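Hello,

Here is the model I promised to pass on to you.

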Amino acid sequence: MAYVITEPCIGTKDTSCADVCPVDCIHPAPGEENADTATMLYIDPSECIDCDACVEACPVDATMAEDDVPAQWEVFKEINRAYYEQGHEAGEGMVKQYLESRG
Ligand code: SF4
Ligand code: SF4
């Protein structure tokens with residue numbers, strides 16, 4: 001399993017989760033490439049150790065265990081994974097597509 005960042009991060013993106021993650025698997029963190037332009041932050045599922053720290057830290061409840069992701073945000077599991085497997089542009093493109101489909 002891994003943790004996932006979901007829709008409420010979009011437009012909030014305060015990076016508190018990246019500050020507390022013990023394995024630095026949340027990106028782009030402040031100062032990193034694409035940090036200023038990213039729509040949201042993303043969790044690397046291959047690095048996440050399921051510690052739960054990011055859940056407590058998030059002011060808008062955007063972070064959650066994969067198994068707790070509600071149906072309407074199911075695609076964010078794929079979005080977080082794609083960001084690391086396919087790159088920044090691919091992840092951001094999927095977020096854009098999600099927002100357009102939501103209307
Ligand atoms: S659950 Fe822990 S390891 Fe996984 S992203 Fe959140 S803070 Fe990082
Ligand atoms: S703490 Fe929540 S809103 Fe802030 S960057 Fe992390 S997931 Fe997004």
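**Overall fold**

The protein chain holds four helices and four strands, where helices (H or I, at least four residues) and strands (E, at least two) are DSSP runs numbered from the N terminus. Read from the N terminus, the elements follow the order β-α-β-β-α-β-α-α. The radius of gyration, taken over C-alpha atoms, is 12 Å, close to the 13 Å that the globule rule gives for 103 residues, so the chain is as compact as a globular protein of that length. That rule is 2.2 Å times the number of residues to the power 0.38.

Before going further, please keep in mind that this is a predicted model, in which local features need pLDDT of at least 70 and side-chain atom pairs count only at pLDDT 80 or more, while totals for chains, interfaces and linings use all residues. Residues are numbered from 1 along each chain as its sequence is written, and chains are lettered from A and ligands numbered from 1 in the order in which they are written.

Along the principal axes, the C-alpha atoms fill a box of roughly 35 × 30 × 25 Å. Of the 103 residues, 29% count as buried; a residue is buried if 20 or more other C-beta atoms lie within 10 Å of its own, exposed if 12 or fewer, and partly exposed in between, with C-beta atoms placed from the backbone. Two residues are in contact if their C-beta atoms, placed in that way, lie within 7 Å. Among contacts with a separation of 6 or more, 72% join residues 24 or more positions apart.

**The two ligands**

A residue is near a ligand if its C-beta atom, placed from the backbone, lies within 6 Å of it. Around ligand 1 there are 14 residues, and Cys 21, Cys 48, Cys 51, Ala 53 and Cys 54 come nearest. This shell has 12 nonpolar, no polar and two charged residues. For these classes, Ala, Val, Leu, Ile, Met, Phe, Trp, Tyr, Cys and Pro count as nonpolar, Asp, Glu, Lys and Arg as charged, and the others, Gly among them, as polar.

Ligand 2 has 14 residues around it as well, with Cys 9, Thr 12, Cys 17, Cys 58 and Ala 62 coming nearest. Its shell divides into eight nonpolar, four polar and two charged residues.

Thr 12 lies in the loop between E1 and H1. Leaving out residues up to four places away in sequence, Thr 12 touches Pro 59, Val 60 and Ala 62.

**H3 and H4**

How do the helices H3 and H4 pack? Helix H3 (residues 75-85) and helix H4 (residues 88-102) meet at an angle of about 160 degrees, and their axes are 7 Å apart. Axes here are lines fitted to C-alpha atoms, for helices over the stretch in contact, and angles run from 0 to 180 degrees between N-to-C directions. That angle makes H3 roughly antiparallel to H4; angles under 35 degrees count as roughly parallel, over 145 as roughly antiparallel, 65 to 115 as roughly perpendicular and the rest as oblique. From H3, the contact is made by Val 75, Ile 79, Ala 82 and Tyr 83, and from H4 by His 88, Ala 90, Gly 91, Met 94, Val 95 and Tyr 98. By class, these residues divide into eight nonpolar, two polar and no charged.

The buried residues of H3 are Phe 76, Ile 79, Asn 80, Arg 81 and Tyr 83, and they pack against E1, E3 and H4. Just after H3, Gly 87 takes a positive phi of about 105 degrees. Glu 74 sits in the loop between strand E4 (63-65) and H3, and counts as exposed, with 12 C-beta neighbours inside 10 Å.

**Backbone details to look at**

His 27 and Pro 28 are joined by a cis peptide bond, with omega about -5 degrees. Pro 28 is found in the loop between strand E2 (26-27) and strand E3 (42-43).

Thr 15 is not a glycine, yet has a positive phi of about 65 degrees. Its place is in the loop between strand E1 (3-5) and helix H1 (16-20), and Thr 15 is partly exposed, with 16 other C-beta atoms within 10 Å.

Asp 50, also a residue other than glycine, has a positive phi near 60 degrees. Asp 50 lies in the loop between E3 and helix H2 (53-57) and is exposed, with 10 other C-beta atoms within 10 Å.

Best wishes
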